[in-house]
Amino acid sequence: MINFNGAIISIDSNSLAQNRAFLYGDAVFETIKIMNGKILFLEDHYFRLMSSMRVVRMEIPMNFTMEYFEEQILDLVHAKNLDVSSRARITVYRNEGGYYLPQNNTVSFLIHAELLDATYYSINQKEYKVDLYTDFYVTKQLLSSIKTTNKILNITASIFANENELDNCLLLNDSKNIVEALQGNIFMLKDNTLFTPSISEGCLNGVMRKQILTLARKIENLKVVEGIISPFDLQKADELFITNVIKGIQPITKYRKKEFTTDLATILVEKLNELIGSY
């Protein structure tokens, strides 16, 4: 038995009591966009999930193929009539048992899905203000590049952004360089060069990050660099934008007193829509 909000109840009536994702953040996840009954960037999501499971030493079930992954997500989306445009999240967690040392490495998964307003990506033209979050830092390690359910840094930074009337915050690594935004990778345009932090800096190995890098490298006279972005570079930038699979590209219009254009972001959204239109 356990005490739940002041009531003594049986453990069976509270599934969180032994859930390792709840107790230890022992879980990984993928957030996915569905358009017209198809998962966008299916292979990238599947292989990143498999890689994440291997990194944290989860046992991958024999039946967990890419086809099974796709089928399970789309079955739910179809059952909820969300085929046209929706987002789904699959969370894979290690099964109950043990403390820090699990009793086994077998897994279960949970999928939920919800409606998205738009099918294709678009540019949000509203003002979008960001600043640095400096209370805590992202470590430059492999675990930072995968999506685990340990997101307390992002949560506290989101509260900070809300309290300070910001739309987002930029996270720093332990070398005090820019890593990413709260829910996406960061890109910076300066002159004719597009910069984004390298994976070794501790940023998420984003699925949309990969698509934008590929599209940007096809633009004539645009150089693309994966490297280091310092906070001082932001004041010299022409353009800043955030990328993730759900939003596509979110331009940043203001960082402190510096304002930015959205020209390249607009071009990349057009190319991105051409890409997903071929699915």
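Leaving aside its neighbours within four places in sequence, S198 is in contact with C203, R209, E226 and G227. The model is a predicted one, and in it S198 belongs to the loop that lies between β11 (193–197) and α5. With a relative accessible area of 15%, which is under the 20% cut-off, S198 counts as buried.

**Helices α2 and α5**
- Helix α2 (residues 42–55) and helix α5 (residues 207–216) have axes that come within 10 Å and cross at roughly 130 degrees, and the two helices are therefore oblique to each other.
- The crossing of α2 and α5 is right-handed, and the contact is made by D44, H45 and R48 on the α2 side and by V207, K210 and Q211 on the α5 side.

**The five-stranded sheet**
- Five strands form an open sheet with mixed pairing, in the order β9-β8-β7-β15-β16.
- β9 (178–181) and β16 (258–259) stand at the edges, and each has a single partner strand, so one side of each is left without a neighbour in the sheet.
- Strand β15 (residues 254–255) and β16 run antiparallel and are joined by two bridges, with K254 standing opposite E259 in β16.

**A helix across the sheet strands**
- Helix α4 (residues 152–163) lies across β7 (129–138) and β8 (168–173), and its direction is at about 140 degrees to β7.

Notes:
Residues are numbered from 1 along each chain as its sequence is written. This is a predicted model: local features need pLDDT of at least 70, side-chain atom pairs count only at pLDDT 80 or more; totals for chains, interfaces and linings use all residues. Side-chain values use heavy atoms; hydrogens and water are left out. Axes are lines fitted to C-alpha atoms, for helices over the stretch in contact, and angles run from 0 to 180 degrees between N-to-C directions. Helices (H or I, at least four residues) and strands (E, at least two) are DSSP runs, numbered from the N terminus. Angles under 35 degrees count as roughly parallel, over 145 as roughly antiparallel, 65 to 115 as roughly perpendicular and the rest as oblique. A crossing is left-handed if the near helix is turned anticlockwise from the far one by less than a right angle, and right-handed if clockwise. Contact means heavy atoms within 4.5 Å. Buried means under 20% relative accessible area, exposed over 50%, partly exposed in between (1.4 Å probe, protein chains only). Two strands pair if DSSP finds at least two bridges between them.
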